[in-house]
Amino acid sequence: MVSVLAVSDETIESLWSSQVRAMDVDLILGAGDLPFDYLEYLIDALDAPCVFVPGNHDADLSGYSAGRVGWMRAGLPSAWPGPCGAVNADGRIVRIAGLRIAGLGGSIRYNDGPNQWTERQQRRRARNLAMTSAWHARRSGVSGVDVLLTHSPPRGVGDQEDPPHRGFECFENLAGRLQARVMIHGHVHPYGRAAEDRTLGATTVINTVGFTLMDLSPGAEPSIVRRRHGT
């Protein structure tokens, strides 16, 4: 079992303090819209790897690549604006702490800010991610992912009707193609209420605004033990 701390959107005082060191955590998942130094603090305090996707209030992290002499963008040396030590899974599939994690950040487009996508644009990104998963399956013989990590929820599954908080319709097809057992997202604030777990086909959908602690077992069908949720 892998002990996972999932966070998004709201900083938690008890986590941004020495109290967090008492947690036994194998992996941190960030679903967006958090100060990057908050993620860096968690990485250091928990001595655990972190995988994240950007939210619509985060900086534009597209186009950066890590080279032998440091970070590059458009072929030129550039300072990495993201959280140091964390892995940006946006549009990628990564394997960390024994879990296969697919990431797709951002929200529906509602103004000219960064990390916002029209439904058509996100559908194209989702299709590319599904093709990447199929390629991994052909090479490794293992299909699907353990976690689909997004910032926004699927359309009609925990989203809202106001323009900034509408979910993506393409996520339903993506979760099915990836055979994701768990989808973890943020973006929609429960405002002090416990966010309800939902289902999307065979995928359990978890809103992790604030934080969620859970245990996941690697493999085609990881089991989930919900331990605590907080905002």
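## Asp90 and its contacts

A polar atom of the Asp90 side chain lies 2.7 Å from the backbone nitrogen of Gly105, a polar contact (a pair of N or O atoms within 3.5 Å, one able to donate a hydrogen and the other to accept it; residues adjacent in sequence count only if both atoms are side-chain atoms). The side chains of Asp90 and Arg125 are joined by a polar contact of 2.8 Å. The C-alpha atoms of Asp90 and Gly105 are separated by 5.5 Å, although these residues are 15 residues apart along the chain.

Asp90 is situated in the loop between β7 and β8 (93–96); strands are DSSP runs of E, at least two residues, and helices runs of H or I, at least four, numbered from the N terminus. With a relative accessible area of 22%, Asp90 is partly exposed, a class between buried (under 20%) and exposed (over 50%), for a 1.4 Å probe and protein chains only.

## Basis of the model

This is a predicted model, in which local features need pLDDT of at least 70 and side-chain atom pairs count only at pLDDT 80 or more, while totals for chains, interfaces and linings use all residues. Residues are numbered from 1 along each chain as its sequence is written, and side-chain values use heavy atoms, without hydrogens and water.

## Helix α1

Within helix α1 (residues 36–46), the buried residues are Phe36, Tyr38, Leu39, Leu42, Ile43, Ala45 and Leu46. Their cover includes β1 (2–8), β2 (27–30), β3 (50–52) and β7 (86–88). Asp47 follows α1 and has a positive phi, near 50°.

Methods:
Contact means heavy atoms within 4.5 Å.
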